[in-house]
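This note collects several local features for a colleague who is meeting the structure for the first time. Please read the points beside the sequence and the model.

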Amino acid sequence: MDVIWNLTRVCPWNCRICCVSAVYATGKTKHKVVTAQKESGKELSLAEKLTVLRLLVDRNFEIDFSGGDPLYYEEDFFVVEQATQWLPSKKIGISMTGSEITEAKINLLRKVGVVEFTLDNLPKTKNPFRPNDFNVASMKAMRKCVANGIRVRAITVLYSKTMPERNLIDLYSWLCKNNVSEWELLRYYPIGRGRNLAKNLPSKEKYLEVMRFLRSLHGSTRVFFQHSLNLLEKDISCPAVTNSFGILPDGTVVACAWALDRNCFPLSEFYLGKLPEEDIDSIIARAQQKPMYCKTANFCRTMVELEKGEK
């Protein structure tokens, strides 16, 4: 079972299309912001996070730590560090930003299976949906990680500013040149602040066209697609609950980590329970008995529900 755990919503970037509506905090204010998140019940305490981690470790789940930025705050760094002591590296992934790549972070990242950085465009391309230097920070971080022998995966979400062929060619050339081993392309989910593009989502035909183009690229960096893109062209099953689930910063368990509304609350059909007060085995067993999860579905359930909300 694969778990996408958003440890926090706190982030050093304030992207207009952030799917989790990350809470912006600079280095000087992040402690105050994190404290406010915890006091308001929007984020688990350190003790609660460690309890949840132990629950996941005891079941030998694979964990992708995400956010916000899961290594931006000292307590979250400690949680991930603890995970590296309890799980083999192949069962740990980190999806983070390129902010403040210290030697301590590098040493920690050496102990995980893969680290992911989002890269939308090269610096020459202006993108109104990302802060200045967001992509530059990701590029610097990827180069530093690669130089230290860390397995790096670039993530690109496909939307209007990333899908032009020229942009994709430039990105792929840069990734190959800088020895980034993997490039994963994601479908755009209109959730959180990402609702900014809700009325301009790519069509299925456009996605398929871009996927065909990406497969025509040849180089050292492996190109592959998120399951929700593969569902557009293959007879495969939605992994929600059967193979994966998500955990939000307040401990809420969701059938799909992307199944959120504009306020980043779980879509009603995707809410499964709450950790650490509920038993994880009971939550999963209960969810797997629901008709929408126990049947094979050759489509993205989350996108179907999001599209319903648009009507």
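Is threonine 97 buried or exposed? Threonine 97 is buried, because its relative accessible area is 8%, where buried means under 20% relative accessible area, exposed over 50% and partly exposed in between (1.4 Å probe, protein chains only).

The model is a predicted one, in which local features need pLDDT of at least 70 and side-chain atom pairs count only at pLDDT 80 or more, while totals for chains, interfaces and linings use all residues. Residues are numbered from 1 along each chain as its sequence is written, and side-chain values use heavy atoms, with hydrogens and water left out.

1. Surroundings of threonine 97. Threonine 97 sits in the loop that runs between strand E5 (92-96) and helix H4 (103-109); helices (H or I, at least four residues) and strands (E, at least two) are DSSP runs, numbered from the N terminus. Its side chain makes a polar contact with the side chain of aspartate 69 at 2.5 Å. A polar contact is a pair of N or O atoms within 3.5 Å; within protein, one must be able to donate a hydrogen and the other to accept it, and residues adjacent in sequence count only if both atoms are side-chain atoms. A polar atom of the threonine 97 side chain also lies 3.3 Å from the backbone nitrogen of serine 99. Neighbours within four places in sequence aside, threonine 97 is in contact (heavy atoms within 4.5 Å) with Cys11, Pro12, Trp13, Asp69 and Phe117.

2. Helices H2 and H3. The axes of helix H2 (residues 46-58) and helix H3 (residues 74-86) come within 10 Å and cross at roughly 25 degrees. H2 is therefore roughly parallel to H3, the term for angles under 35 degrees. Axes are lines fitted to C-alpha atoms, for helices over the stretch in contact, and angles run from 0 to 180 degrees between N-to-C directions. On the H2 side, Leu46, Lys49, Leu50, Leu53, Arg54 and Val57 meet Glu75, Asp76, Phe78, Val79, Gln82, Ala83 and Trp86 of H3. By class, this contact of H2 with H3 has eight nonpolar, one polar and four charged residues; Ala, Val, Leu, Ile, Met, Phe, Trp, Tyr, Cys and Pro count as nonpolar, Asp, Glu, Lys and Arg as charged, and the others, Gly among them, as polar.

3. Helices H6 and H7. For helix H6 (residues 165-177) and helix H7 (residues 204-215), the axes come within 11 Å and cross at roughly 35 degrees. Glu165, Leu168 and Ile169 of H6 make the contact with Val210, Phe213 and Leu214 of H7. The classes here are five nonpolar, no polar and one charged.

4. Backbone geometry. Most residues other than glycine have a negative phi, and most peptide bonds are trans. The bond from glycine 67 to glycine 68 is cis, with omega near 20 degrees, and glycine 68 lies in the loop between strand E4 (62-66) and H3. Another cis peptide bond, with omega about 5 degrees, joins leucine 275 and proline 276; proline 276 belongs to the loop between strand E12 (271-274) and helix H9 (280-288).

5. Positive phi values. Serine 21, although not a glycine, has a positive phi of about 45 degrees, and counts as buried because its relative accessibility is 11%. Asparagine 60, likewise not a glycine, has a positive phi of about 60 degrees. Asparagine 60 is located in the loop between H2 and E4, and counts as partly exposed at 44% relative accessibility.

Key:
Parallel < 35°, antiparallel > 145°, perpendicular 65-115°, else oblique.
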